[in-house]
Amino acid sequence: MGSEYIQPVRLAILEADTPVPGIKAKYGSYGGVFRHLFEQACATLNPPQPLSAQLDISHHDIVNDLDAYPDPETIDAILITGSKYSAYENDEWIIRLTQYTRRCLEGGRVRVVGVCFGHQIVGRAMGADVGKNIRGWELSVTGHELTDEGKKLFGMEKISIHEMHRDVVFSLPPGVTNLASTDVCEVQAMYVPRRLVTVQGHPEFTGDMVREILEMRRYGGIIGQDIFEDGMRRVNNKHDGVAVARAFLRFLRE
């Protein structure tokens, strides 16, 4: 008797930004970047699987089209991407994203994954304080200390992933478990079983991606030379982005 067929998870990627030119040329959009990450994660499963066996992915540009949101009844999960914008601002698209995220969380069926800006949007939707970190920027490959729950979810004792942020979630919303922390940011990952998982870092980023972003932000005066050089020193360090993506897949199947 054959094994029972399990439908792929219908994952809507809510694109909260347009990539820098090099990333856009290679992947098209941040939806394409995450598609590539999940392809890598599926290839490292035991046994390896094609992406289509795990996920049915759609992309939605929720910055430039305020009506791009999928009907929650037609999806199983959302993933909110990173962004150069701040999750605590009150632009109409950010307010709509916060409201939609809250609707998904309160509905209880659609699971929520948040990455960087998306992590902060989930915090805001649940009533946490989100703002600029007085400790400054956190950039490039960064080591994270994991809580006991974080070690279980990620399947590792510690993780290192790319960071690219100055905004943070200052405190955990009620009922949410913290999975990871760094010296710069205490709330690095949030978790509620079968409901939400978020990371402040960027599991989807590679050294080439971060190098381009760092160079553009230095050229634009967003970061200083010292911060730029510090990030560039660690840009090609080993990171655990694929392992984090596998944890996302496990969460989606809980």
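**Exercise 1. Work out how H4 and H5 are oriented to each other.**

Step 1. Locate the helices: H4 covers residues 92-107 and H5 covers residues 117-125. Helices here are DSSP runs (H or I, at least four residues), strands are runs of E (at least two), and both are numbered from the N terminus.

Step 2. Take the angle. H4 and H5 pack at about 70°, with their axes 9 Å apart. Axes are lines fitted to C-alpha atoms over the stretch in contact, and angles run from 0 to 180 degrees between N-to-C directions.

Step 3. Classify. Roughly perpendicular means 65 to 115 degrees, so H4 and H5 are roughly perpendicular to each other.

Step 4. Find the contacts (heavy atoms within 4.5 Å). Residues of H4 including Trp93, Leu97 and Leu105 meet residues of H5 including Phe117 and Ile121.

The model is predicted: local features need pLDDT of at least 70, side-chain atom pairs pLDDT 80 or more, while totals for chains, interfaces and linings use all residues. Residues are numbered from 1 along each chain as its sequence is written, and side-chain values use heavy atoms, without hydrogens and water.

**Exercise 2. Find which strands E3 pairs with.**

Step 1. Pairing needs at least two DSSP bridges between two strands. E1 (residues 9-15) runs parallel to E3, joined by 4 bridges. Leu11 has Ala77 as its bridge partner.

Step 2. E3 also has 4 bridges to E4 (residues 111-115), again parallel. Here Ile78 stands opposite Val112.

**Exercise 3. Sort the side chains of E3 by direction.**

Step 1. In a regular strand, side chains alternate between the two faces of the sheet.

Step 2. Ala77 and Leu79 point one way, Ile78 and Ile80 the other. All are buried (under 20% relative accessible area, 1.4 Å probe, protein chains only).

Conventions. Buried < 20%, exposed > 50% of the residue type's maximum accessible area, 1.4 Å probe, protein only. Parallel < 35°, antiparallel > 145°, perpendicular 65-115°, else oblique.
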